[in-house]
Amino acid sequence: MLKTDPMKHDNSDSLLISDLIQQKRVAHQRLLERYGPMLFRLVLRIVGRQEDAEEVYQDVFFKALSNIKTYDQRQASLATWLSHIAYHESLNFVRRTKPVIVSINETDMTLEDVDMLDENLQSEENIRLMEQALDQLPPHEQALLTMFYYDNLSLSDIAYVTGSIPSTVGSRLSRIRKKLYKIIKTS
């Protein structure tokens, strides 16, 4: 999977933010081009359906543009701040529209099993199994994996996005990997 570094735009983000505050149309387009794919991937992973994701995605950018004056660079990068908005807008949508998903019991797994899962996910077949297993996870767990593995966000950034602390995010990711292993193992 190709990882991109959402923080690579820090130098030009200050100018972008200034242009967004001044409501320049070209800045809206640059914001969409720069952060749109990452945010849409996060929203789609949580929401699940393309049509719903498109709706939530629009809400994310509307909310971001409406609140750009409140953005504080000292708290988080622009990518992290936008991810925070996307994460919460997506979860709010899911809470309004979808039933609760029952989690899988992961108590009979060892850390060695989880390590083996990481090592075995190289073939195309294993990647397909992983994607199917991801679809069985609750949306908030899918979002954590998406942010960490696809968007390459740090534990600190994910903690900011989710309103948590880095050690909690690390623990959650560990439990989610165990769930994925159990799902794949029983497939």
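Biologist: Let me start with a residue I clicked on. Which residues does L32 touch, not counting residues up to four places away in sequence?
Modeller: L32 touches P37, Y57 and F61. Bear in mind that this is a predicted model.

Biologist: Where does L32 lie?
Modeller: L32 is part of helix α2. With 33% relative accessibility, L32 counts as partly exposed.

Biologist: And how far apart are L32 and F61 in sequence and in space?
Modeller: They're 29 residues apart in sequence, and 8.2 Å apart in space from C-alpha to C-alpha.

Biologist: OK, zooming out. How many helices and strands are there in the chain?
Modeller: The chain has 9 helices and 0 strands. Reading from the N terminus, the elements go α-α-α-α-α-α-α-α-α.

Biologist: What percentage of the residues count as buried?
Modeller: 43% of the 187 residues of the chain count as buried. As for contacts between residues at least 6 apart in sequence, 70% of them join residues at least 24 apart.

Biologist: Back to helices. Which residues of α3 are buried?
Modeller: In α3, the buried ones are D52, A53, V56, Y57, V60, F61 and A64. They cover an arc of only 165 degrees around the axis, which puts them on the same side of α3.

Biologist: Why would residues spaced like that point the same way?
Modeller: An α-helix has 3.6 residues a turn, so residues three or four places apart point the same way.

Biologist: What covers the buried residues of α3?
Modeller: The cover includes α2, residues 25-47, and α4.

Biologist: Which exposed residues sit on the face turned away from the buried side of α3?
Modeller: That face carries E51, Q58 and F62, which are exposed.

Biologist: What span should α3 have, and how far apart are its end C-alpha atoms?
Modeller: Helix α3 has 17 residues, 50-66, and at 1.5 Å a residue they should span 24 Å. The end C-alpha atoms of α3 are 24 Å apart, which agrees.

Biologist: You mentioned α4. How many of its residues are buried?
Modeller: In α4, 14 of the 20 residues are buried, so α4 is largely enclosed by the rest of the structure. On length, the 20 residues of α4 (78-97) should span 28 Å at 1.5 Å a residue, and its end C-alpha atoms are 29 Å apart, which agrees.

Biologist: What about L65, where is its place, and what is it in contact with, leaving aside neighbours within four places in sequence?
Modeller: L65 is in helix α3. Its contacts, with those neighbours left aside, are L20, H28 and L31. L65 counts as partly exposed because its relative accessibility is 30%.

Biologist: And how far apart are L65 and Q23?
Modeller: In sequence, L65 and Q23 are 42 residues apart; in space, 8.5 Å from C-alpha to C-alpha.

Biologist: Where is Q23 found?
Modeller: Q23 is in the loop between α1 (10-21) and α2. At 63% relative accessibility, Q23 counts as exposed. Its phi is near 60 degrees, a positive value in a residue other than glycine.

Biologist: One last pick: L129. Is it buried or exposed?
Modeller: L129 counts as buried, at 18% relative accessibility. It lies in helix α6, residues 124-135.

Technical notes: Residues numbered from 1 in each chain as written. Predicted model: local features only at pLDDT ≥ 70, side-chain atom pairs only at ≥ 80, totals over all residues. Heavy atoms only, no water. Helix = DSSP H or I, 4+ residues; strand = E, 2+ residues; numbered from the N terminus. Expected span 1.5 Å × (residues − 1). Buried < 20%, exposed > 50% of the residue type's maximum accessible area, 1.4 Å probe, protein only. Arc of directions from axis to C-beta. Contact = heavy atoms within 4.5 Å.
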